[in-house]
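Please keep the sequence and the structure in view while reading.

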Amino acid sequence: IVAPVGRDAAVIASLLQEHSLATQVCDDVADACARVAIGAGALVLTEEALDGAGLEQLSATLDAQPPWSELPVVVLTSGSRSQFVRRLDLLHRAAGGVMLLERPLSTLTLLRNVQVALRSRRRQYQVRDLLAAQRESELRYRTLVQETSSLTWSCPGTGLLVEPQADWMAYTGQRADEMLGTGWLRAIHPDDAPQVQRHSPSRCRTRCSLRSEHRVRHR
């Protein structure tokens, strides 16, 4: 919470704490930026906090968020002064998710908007965790491929290779341009290639298991 004038900060904090929401009152926008860098669920500002050079620092902090993050910002305003509107537009371009609430407003309206902001933030954290899990899974897979003595590779549901596979090229002697698409089939023994070609693409599309015994040409 950044509300430098009067008792706004204390009142907002008290309201949110009454509903079991942890709050942190910041002295100024610079303090808020430091908190955002550590981690924040939402940012509640009064328009007075956007006066001065702090707005540039806040916009830069929000603009530097990772791709999964769009920190919700709730701004309490008393009107539509042209200077403030310009500031708000700059903030919106950086934050992406700005809620503008015109005062006076009921405590229930403020509470509900903060709750909506926090639900949005929780979904962002879920996306972050999924991306982290995906990266970890990919790293485990690549480590397995590099350390195993077997020829291991992956391809999309089309059955067409779209990424060069180092182990395959090292074993068969094929270049990247030779193995991509269906080119890898040329490294299969000519007598075995038809059965592999007949079954592999359909199994890839349906994600069904396939067991096949066939000969692969060494380089």
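Four bridges join strand S1 to strand S2 (residues 73-77), and the two run parallel. Here helices (H or I, at least four residues) and strands (E, at least two) are DSSP runs numbered from the N terminus, and two strands pair if DSSP finds at least two bridges between them. The model is a predicted one, in which local features need pLDDT of at least 70 and side-chain atom pairs count only at pLDDT 80 or more, while totals for chains, interfaces and linings use all residues. Residues are numbered from 1 along each chain as its sequence is written, and side-chain values use heavy atoms, with hydrogens and water left out.

In general, the strands of a sheet pair through backbone hydrogen bonds, either parallel or antiparallel.

Helix H2 (residues 29-38) packs against helix H3 (residues 54-63) at an angle of about 10°, and their axes are 9 Å apart. Axes are lines fitted to C-alpha atoms, for helices over the stretch in contact, and angles run from 0 to 180 degrees between N-to-C directions. H2 is therefore roughly parallel to H3, a label for angles under 35 degrees, whereas those over 145 count as roughly antiparallel, 65 to 115 as roughly perpendicular and the rest as oblique. Val29, Ala30, Cys33 and Val36 of H2 make the contact with Gly54, Gln57, Leu58 and Thr61 of H3, where contact means heavy atoms within 4.5 Å. 

Serine 20, in the loop between helix H1 (8-18) and H2, has a phi near 60°, a positive value in a residue other than glycine. Serine 20 is exposed, with a relative accessible area of 70%; buried means under 20%, exposed over 50%, and partly exposed in between (1.4 Å probe, protein chains only). The peptide bond from arginine 103 to proline 104 is cis, with omega near 0°, and proline 104 is placed in the loop between S3 and helix H5 (107-147).

Arginine 103 also takes part in a charged pair. Its salt bridge with glutamate 48 has the closest N and O atoms 3.3 Å apart, a salt bridge being a side-chain nitrogen of Lys or Arg within 4 Å of a carboxyl oxygen of Asp or Glu. This pair links distant parts of the chain, 55 residues apart, with glutamate 48 in the loop between S1 and H3 and arginine 103 in the loop between S3 and H5. Arginine 103 is buried at 18% relative accessible area, whereas glutamate 48 is partly exposed at 25%.

A search of the whole structure finds eight salt bridges. In one of them, arginine 140 meets glutamate 136 (3.1 Å, N to O); both lie in helix H5, four residues apart, about one turn of the helix. Glutamate 136 counts as partly exposed at 48% relative accessibility. Another joins glutamate 178 and arginine 175 (3.2 Å, N to O). Finally, salt bridges that share partners join Asp8, Glu48 and Arg103 into one network.
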